[in-house]
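Please read the following explanation alongside the sequence and the three-dimensional view.

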Amino acid sequence: MAKVHEALKPIQWLIGTWESVTAKGSFPTIKDFSYNEVIKFLSIGQPLLNYEAHSRHPESGAPMHLERGFLRIKPGTNQVAFMVAHNFGLAVLEEGEATDHELKLTSKSIERMSFAKDPAVKAIRKRYCLNADGTLEIQTDMETDTTPMTNHLRVVYKRSD
C-alpha cells in the first residue's frame, strides 16, 4: 500500500473498500430501485485518491453502473475536486469541502455524450458522512432538465477491507 500523502489528512477516512449495506434509488420520473455496490478509494502517494464504484442488481447480480475517477485535494486546505466518468455517458466535475467526517460536493460542470439518454442531468449535490458506528453514508441529489433538485440515491456502506 502506498504512503498516504500529507495533504490527504482531511479525507483519509475515505480510504479503503466499502460495500453497501443498503442502497436505494428513487426519482420522480422512474420506479424506485435498490442495488448492491462496492466503492474503493485508493491512495497512490499523491494528493488525490483513485476512485471506482461498481453496482449490481440485488437479485440477478447483473452489472448496473460503473464510475471511475479521482478525488483531489488542494494541499494545505480542505478544498476538494472530484472528477468522475460514468459508463452511461456522463463526465462530472464536483467541488466542495471536507470536514472531520463529512464531504460536501456540488457539480461545477457536467458533460454528456451526444447520444446519452434523456432527460439530461443538469446538477448534482453529494454528501459523504462517516457515521459514529463506522459506516459511510452517501446521499446524492440530482437535477435534470425536467425535474428540480431532488434526492436520487441514499447508500450506507460498511468497510470490507
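Predicted model: local features only at pLDDT ≥ 70, side-chain atom pairs only at ≥ 80, totals over all residues.

The lining of the largest pocket comprises 19 nonpolar, eight polar and six charged residues. The pocket has a volume of about 950 Å³, and 33 residues line it. Nearest its centre lie Phe 33, His 65, Phe 88, Met 142 and His 152. Several strands give two or more residues to this lining: strand 2 (30-34), strand 3 (36-43), strand 4 (48-56), strand 5 (63-73), strand 9, strand 10 and strand 11 (150-159).

The UniProt record, in an unreviewed entry, places the feature "domain: THAP4-like heme-binding" at residues 8-159. In the model, that span is 68% strand and 0% helix.

Attention may now turn to the charged side chains. Side chains of opposite charge can pair when their charged atoms come close. The model contains seven salt bridges, counted with a limit of 4 Å between nitrogen and oxygen. One of them joins Lys 126 and Glu 94, with a distance of 3.9 Å from N to O. This pair links distant parts of the chain, since Lys 126 belongs to strand 9 (residues 121-130) and Glu 94 to strand 7 (residues 90-99), 32 residues apart. Lys 126 has a relative accessible area of 10% and is therefore buried, the cut-off for this class being under 20%. Glu 94 is likewise buried, at 3% relative accessibility.

A further salt bridge is formed by Arg 125 and Asp 141, whose closest N and O atoms are 3.4 Å apart. Because Arg 125 lies in strand 9 and Asp 141 in strand 10 (residues 136-144), the pair ties together parts that are 16 residues apart in sequence. Arg 125 is partly exposed, with a relative accessible area of 39%, whereas Asp 141 is buried at 10% relative accessibility.

Which residue forms a salt bridge with Arg 112? The partner is Asp 118, and the closest N and O atoms of the two are 3.3 Å apart. Asp 118 counts as exposed, at 57% relative accessibility, because the cut-off for that class is over 50%. Arg 112, at 30% relative accessibility, counts as partly exposed.

Thr 106 is located in strand 8 (residues 102-112) and is partly exposed, with a relative accessible area of 36%. Apart from neighbours within four places in sequence, Thr 106 is in contact with Leu 93, Glu 94, Glu 95, Ile 124 and Arg 125. Among these contacts, Glu 94 is the salt-bridge partner of Lys 126, and Arg 125 is the partner of Asp 141. Thr 106 and Thr 150 are separated by 44 residues in sequence and by 13 Å in space, C-alpha to C-alpha.

Thr 17, for its part, lies in strand 1 (residues 16-27). Is Thr 17 buried or exposed? With 17% relative accessibility, Thr 17 counts as buried. When neighbours within four places in sequence are left aside, the residues in contact with Thr 17 are Val 38, Ile 39, Lys 40, Lys 158, Arg 159, Ser 160 and Asp 161.

Technical notes: Residues numbered from 1 in each chain as written. Heavy atoms only, no water. Salt bridge = Lys/Arg side-chain N within 4 Å of Asp/Glu carboxyl O. Helix = DSSP H or I, 4+ residues; strand = E, 2+ residues; numbered from the N terminus. Buried < 20%, exposed > 50% of the residue type's maximum accessible area, 1.4 Å probe, protein only. 1 Å grid on protein atoms, 1.4 Å probe; cavity = no way out; pocket = protein on both sides within 12 Å on 5 of 7 lines; lining within 4 Å. Points joined across faces, edges and corners; volume = space filled by probe spheres on them. Nonpolar A, V, L, I, M, F, W, Y, C, P; charged D, E, K, R; others polar. UniProt positions renumbered as here; feature names shortened; annotations may be inferred. Contact = heavy atoms within 4.5 Å.
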